[in-house]
Amino acid sequence: LGDRAFQQLLEPHLGAVHRLARRLARSAADAEDLCQVALLRAFEHRGELRDPKAARAWLLTLTRRLHLNRIRDERPHLTLLKGSAEEAGAEGPVGNLSDELHARSLSDETAAALRALPEEQATALWLREVEGLSYEELADVFDCPVGTVRSRLARARAAMLEALEPGRRVCAGGRR
Amino acid sequence: MTTCPDFEALSALHDGEAPVGVREHVARCAACRETCARLTRLGDSLRALPEAQVTAPPSARRTSRSRRVRWLAPPAFAAAAMLALWLGTERGIPPALANEAVSQHLRSFANGHACDIESSDAGELDRYLSERLGRPIRIPASLRGSLVGARRCSLFGEHAGAVVYRENGVVVTVFLPTPGSVAARKSAEHVGGCANARDGQTVCVLPGTDAPRLAVGELPAAELSLLVAEN
């Protein structure tokens, strides 16, 4: 593929890369950096993309591996958080304050539950529910059999439901 | 299927990957339907997360007047940024200067915030940037395009002003480096020079009153260099 053709092939999937990076990375700046490095790596290794139809899974795989490699390479360190609390805060709510706060609370709980999952489960669930990857694409991303994808998604969902709806069993369909 | 399937089968059904017989069972079983409904709600809440989780960078936040500029999709700009860096064919001005300008231009779109303040009122933007940068700023008058807004940004780690214009649907950023800054010093040696990248991004160093300016956009150099007035 030529430069322009390769760019056009990747463009539809850059939003997915950005969202995945935003979920994996610790900050917006780290996510932006991860995106840029992932795209640079994609250009460097474009010859490894055998099937253009698999571009999305290939790009997401590359992004995730970069992230995991960075985590492995990182040594424990303290992070200095720059900026004031005002800078770090969210934008003010707009519209109906009650609805806004309620929605924010729900999303915070969901985000916290997702972060509590093992990385493989969280990423698999994210890529399935948010990005709509098929089981086959997920198997490519994780380099595992489709059956593993299926069980990994189920474990992720069970853990999420238990975290979000404590006290309710997740095996409601398991009566014998 | 007379007994209820396990949770993994219901999870697969939610994904449209159900084993044979599961769908028929769920149609008859209230408990399984309830589990499926919970899985649907979980999916909905996950899909609602991306917008809720994205945090705007501090420099992009402003109070009531702040609005996001969304005419250009961030992914396309991310790709353009990558290509500009990857393919970089700068000429006429130093690659480091061109890359920094292109990077800062595109970064705002990748973040979804091109402007801290949107206004076509030059006086209002003068006041905003002067307040944020701690020095009197007079933004360049637009000769060809329309004024969109402004933001505070950084070039080589030092504060600078950024004014956003639109010319025939193309968004252009004109950076106003702080006099004496690295960007200003590097630019001073190349006033009138332009750099082109293969994907169409162009950077031009324009003359300014107290320091040169850097214009960046997907316009031919001849058009970009005539976008704003010198004073």
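## A glutamate in chain A

Set aside the neighbours within four places in sequence, and A:Glu137 is in contact with A:Arg56, A:Ala57 and A:Gly132. Keep in mind that this is a predicted model. So where does A:Glu137 sit? Its place is helix α8 of chain A, which covers residues 135-142.

Is A:Glu137 buried or exposed? Its relative accessibility is 17%, and it counts as buried because the cut-off is under 20%. The side chain of A:Glu137 also has a polar atom 3.0 Å from the backbone nitrogen of A:Ser134.

## Chain B in outline

Over in chain B, you'll find nine helices and seven strands. The chain has 231 residues, and 52% of them are buried.

What about contacts between residues at least 6 apart in the sequence of chain B? Of these, 54% join residues at least 24 apart.

Now zoom in on strand β2 of chain B, residues 146-155. This strand is mostly covered, with eight of its ten residues buried.

Which way do β2(B) and strand β1 of chain B run, parallel or antiparallel? They run antiparallel, joined by two bridges. One pairing to look for is B:Ile117 with its bridge partner B:Ala150 in β2(B).

Strand β3 of chain B (residues 158-167) is also antiparallel to β2(B), and nine bridges join the two. Here B:Ser146 stands opposite B:Arg166 in β3(B). The hairpin of β2(B) and β3(B) has two residues between the strands, and in it B:Phe156 takes a positive phi near 55°.

Methods. Residues numbered from 1 in each chain as written. Chains lettered and ligands numbered in written order. Predicted model: local features only at pLDDT ≥ 70, side-chain atom pairs only at ≥ 80, totals over all residues. Heavy atoms only, no water. Helix = DSSP H or I, 4+ residues; strand = E, 2+ residues; numbered from the N terminus. Buried < 20%, exposed > 50% of the residue type's maximum accessible area, 1.4 Å probe, protein only. Polar contact = N/O pair within 3.5 Å; in protein donor to acceptor, adjacent residues only side chain to side chain. Contact = heavy atoms within 4.5 Å. Pairing = 2+ DSSP bridges.
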